[in-house]
Amino acid sequence: MFRLAWRRSTSKNSCAEPARLLAAAFLGANSPQQSSVSSIRCLRHIPHPPSDRSLLLHPRPACVLSPSVFMSMASGGEGPSTTSHKHTNRLAKERSPYLLQHAHNPVDWYPWGQEAFDKAKTEDKPIFLSVGYSTCHWCHVMERESFEDEEIGKILSENFVCIKLDREERPDVDKVYMTFVQATSGGGGWPMSVWLTPDLRPFVGGTYFPPRDHGRRPGFKSILTRIMEQWQNNRSALESSGDRILEALKKGTAITANPGESPPLAPDVANRCFQQLAHSYEEEYGGFRDAPKFPTPVNLMFLMSYWSVNRSTSEGVEALQMALHTLRMMALGGIHDHVAQGFHRYSTDSSWHVPHFEKMLYDQAQLAVAYITASQVSGEQFFADVAKDILLYVSRDLSDKSGGFYSAEDADSVSASGGPEKREGAFCVWTASEVREILPDVAEGATGSATLADIFMHHYGVKEQGNVAPEQDPHGELQGQNVLIVRYSVELTAAHFGISVEKVSELLATARARMAEVRKSRPRPHLDTKMLASWNGLMLSAYARVGAVVEDKALLERAVQGGNFLKEHLWDAERQTILRSCYRGDQMEVQQISPPISGFLDDYAFIICGLLDLYEATLQTKWLQWAEELQLKQDVLLWDDQGAGYFCSDPSDNTVLLQLKEVHLLLTDWNSTKMHNQDGAEPSANSVSAFNLLRLSHYTGRQDWLQKSQQLLTAFSDRLNKVPIALPEMVRSLMAQHYTLKQIVICGQRDAPDTTNLLATVNSLFLPYKVLMIADGTADSFLCQRLPVLSSMSQLGGVATAYVCQDFTCSLPVTDPQELRRLLLHGTTDMPTE
């Protein structure tokens with residue numbers, strides 16, 4: 001069995017570095033700050049010393065919020081407040097939880113929109129654009145330090161037009177200015193601070209700034225003063241320098257397909273992607289690169305897909321081992337919430353032990369799919385249990401009664417012992433004395449009259465003095481606390497206490513349930529109740545795919561509920577367009593802002609993918625029909641007729657200065673912009689679209705969608721050839737083109753037992769390059785109208801029958817589930833020879 005020996009990495013630097021500014025003239029020719037680069041993400045406990053290229057900002061203690069802000073955040077930032085406020089600005093009328101967190105700053109904030117733009121032009125003032133999201137720790141810090149400061153608020157309000165933007169509401173705007181900040185400062189992250197001309201052209205950018213000077217490092221107040229001076233005395237130089245960089249970015253971010261080109265060779269690109277991932281793989285605990293470690297499900301899904309077509313090679317075996325080992329170590333680690341399910345955002349150490357405790361919806365969705373895929377390829381129930389565990393958390397804590405899914409839970413919360421100060425992980429961690437008080441029972445039959453607490457503490461590494469090393473807790477927020485992590489297998493724990501494996505499993509389950517009840521009484525972290533179309537689309541895939549594999553009707557019903565929510569609340573039936581977001585109102589109703597935000601490429605792509613997965617899980621044709629409608633609309637709104645591929649946002653929106661087809665650099669919340677990963681925290685929407693087009697071409701018979709998919713991949717040829725590690729999801733799409741999708745057609749009545757048995761066989765296998773459909777004998781059905789060949793397929797002897805087709809050739813029909821299994825795995829119904 002095993003015992004995990006967790007490594008620690010040190011963090012001794014605690015000084016803050018301000019963000020580097022754009023122009024040399026701005027800080028003065030001899031200013032020491034010219035060489036300072038801040039690459040700040042919304043990150044806690046960064047376990048790396050700064051390099052000469054990228055100086056890190058180490059976190060300070062958790063912010064002390066005013067009682068009014070605390071009450072708003074603790075209740076999800078949505079409910080009405082009875083507290084009177086000294087200041088209230090126009091953000092109080094917004095619905096975004098992030099904007100509402102700033103509604104009582106002494107800053108004359110505007111939301112992003114024409115009112116602010118007109119004011120800047122009329123008064124000829126520069127715009128200060130501040131971008132973040134509601135569960136971002138350093139956004140909270142900058143608000144407390146600077147935006148709640150009366151003096152700084154006065155400077156901002158009198159000299160700038162101040163715009164606050166939720167990056168999750170407007171990813172199009174965020175991407176433009178983040179690309180600028182990264183290009184000019186060498187790093188990026190949130191909070192993002194950018195200064196713009198009245199026509200929205202950036203001239204200075206950075207991330208977090210401390211409020212006042214510290215030694216040779218300028219604070220936010222000094223930065224503002226210097227910008228005001230330069231705007232008055234050196235404006236033309238600032239503007240021309242910013243314009244030059246913007247024009248360079250337009251050229252540098254262009255992605256286009258040249259006439260006559262074809263997509264690159266899939267096997268070559270896939271092999272290169274595998275080699276690049278293998279080079280960055282960390283063997284002991286899995287994952288890629290050293291701390292901090294992110295889950296990166298796109299990497300894991302690529303590795304399992306790569307294995308599926310390279311099973312007999314050493315590289316294929318290695319790829320599978322890398323994926324399964326990483327998923328296993330994450331599930332055993334502290335990044336996995338062992339008491340209340342779900343996964344935290346990332347691990348601050350290399351062993352997945354001490355997490356940043358924030359929980360994001362998009363992580364839960366992608367990880368659920370990765371874990372259920374691991375169960376398919378390995379046959380291990382362990383991975384399926386983790387997938388169901390994730391969805392249990394989402395159903396309980398991130399679900400709205402309308403069927404939608406909320407965006408995130410914060411990392412910080414108030415301690416159960418009281419006080420206004422929020423602390424990292426306060427909701428999740430435990431002292432040894434708490435565990436002993438909750439679990440005092442003597443475990444019957446255990447050696448030495450061990451208690452339930454003894455067994456639990458042994459298994460999950462709970463120490464009397466706490467199990468977080470001081471170097472992992474530079475601000476003492478976790479002192480004496482324990483982050484639960486599986487230290488031993490159930491078998492080893494059973495042997496240690498002299499009881500059966502079954503008994504240990506039962507006792508640990510009892511203990512976790514009790515501790516979950518205790519946790520319910522603690523002050524909860526802030527909940528971002530914004531519901532985003534794209535992330536709901538990802539979650540649709542998760543429920544559909546997990547529900548289909550484990551044959552759980554409740555999960556499939558929840559998936560259908562999610563699909564209905566999207567159709568009811570995030571689909572503008574009159575304009576036939578997707579809407580970006582909606583919100584939970586004060587009375588728990590679903591609200592929309594006016595005018596609503598139109599959907600972006602990721603909204604269309606992720607929902608279409610979710611609908612295709614939902615169709616394959618339920619075989620309800622209405623989801624396939626809506627997917628077709630959405631793809632047609634996506635093509636009209638966002639396809640680039642000149643260069644191929646999709647723009648991330650409406651190219652006719654003149655307030656968005658760069659028409660991007662990807663995120664130019666990896667934008668996670670940690671200190672590494674060297675990965676250049678477009679398939680990062682979320683998959684690239686163009687990557688997902690390439691696969692959607694291919695799948696839809698097989699469902700509809702539309703050859704133009706097959707050609708569009710090929711053109712899209714051709715446009716990204718340069719990146720696929722040089723840095724496929726940046727686009728692992730797109731590499732999967734390229735592989736699907738190369739290996740050709742199998743069309744699995746089940747002829748039978750959808751809910752009949754013989755049909756169900758064949759479907760269960762298909763769903764039990766990981767078949768990354770397939771489409772599944774049902775032909776029920778109805779000649780005028782949606783599928784038969786688009787694929788007339790289906791009318792010629794029928795049941796054998798009145799029994800549900802499967803046909804497997806590829807390259808316009810179909811196998812002989814089969815009715816036996818085991819024969820179908822052999823056909824799908826080995827291409828024959830004969831038993832394979834060893």
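Where is proline 595 in the chain? Proline 595 sits in the loop between strand E17 (590-591) and helix H21 (601-618), and it comes back in one of the views below.

This is a predicted model, so local features need pLDDT of at least 70 and side-chain atom pairs count only at pLDDT 80 or more, while totals for chains, interfaces and linings use all residues. Residues are numbered from 1 along each chain as its sequence is written, and side-chain values use heavy atoms, with hydrogens and water left out.

**View 1. The whole chain, for orientation.** The chain has 29 helices and 21 strands; helices (H or I, at least four residues) and strands (E, at least two) are DSSP runs, numbered from the N terminus. Of its 834 residues, 63% count as buried. Here, buried means under 20% relative accessible area, exposed means over 50%, and partly exposed is in between (1.4 Å probe, protein chains only). Take the contacts (heavy atoms within 4.5 Å) with a separation of 6 or more: residues 24 or more positions apart account for 71% of them.

View 2. Most residues other than glycine have a negative phi, and most peptide bonds are trans. The bond from serine 594 to proline 595 is cis, with omega near -5°. The bond from alanine 291 to proline 292 is cis too, with omega near -5°. Look for proline 292 in the loop between helix H10 (266-280) and helix H11 (297-308).

View 3. Serine 407 is in the loop between helix H14 (381-397) and strand E9 (408-409). Is serine 407 buried or exposed? Its relative accessibility is 1%, so serine 407 counts as buried. The side chain of serine 407 reaches the backbone oxygen of lysine 530 at 2.6 Å. That is a polar contact: a pair of N or O atoms within 3.5 Å, where within protein one must be able to donate a hydrogen and the other to accept it, and residues adjacent in sequence count only if both atoms are side-chain atoms. Leaving aside neighbours within four places in sequence, serine 407 is in contact with several residues, among them Glu168, Lys359, Met360, Asp528 and Trp535.

**View 4. Valine 354, a buried loop residue.** Valine 354 falls in the loop between strand E6 (346-347) and strand E7 (355-356). With a relative accessible area of 1%, valine 354 is buried. Not counting residues up to four places away in sequence, valine 354 touches Ser347, Thr348, Asp349, Val468, Gln472 and Leu478. Histidine 336 is 18 residues away along the chain, and its C-alpha atom is separated from that of valine 354 by 10.0 Å.

**View 5. Helix H17 against helix H18.** Two packed helices are described by the angle between their axes and the distance between the axes. H17 (residues 490-497) and H18 (residues 501-520) pack at an angle of about 100°, with their axes 9 Å apart. That makes H17 roughly perpendicular to H18. On the H17 side, Val490, Glu491, Thr493 and Ala494 meet Val501, Val504 and Ser505 of H18. The residues of this contact divide into four nonpolar, two polar and one charged. For the angle classes, under 35 degrees counts as roughly parallel, over 145 as roughly antiparallel, 65 to 115 as roughly perpendicular and the rest as oblique. The axes are lines fitted to C-alpha atoms, for helices over the stretch in contact, and angles run from 0 to 180 degrees between N-to-C directions. As for residue classes, Ala, Val, Leu, Ile, Met, Phe, Trp, Tyr, Cys and Pro count as nonpolar, Asp, Glu, Lys and Arg as charged, and the others, Gly among them, as polar.

View 6. H23 covers residues 685-700 and reaches 21 Å from its first C-alpha to its last, close to the 22 Å expected at 1.5 Å a residue. The expected span is 1.5 Å times one less than the number of residues. Because 16 of its 16 residues are buried, H23 is largely enclosed by the rest of the structure. Serine 684 caps the N-terminal end of H23, with a side-chain oxygen 3.3 Å from the backbone nitrogen of asparagine 686. Just after H23, glycine 701 takes a positive phi of about 75°.

View 7. H19 is mostly covered, with 15 of its 18 residues buried. Glutamate 551 counts as exposed, at 53% relative accessibility.
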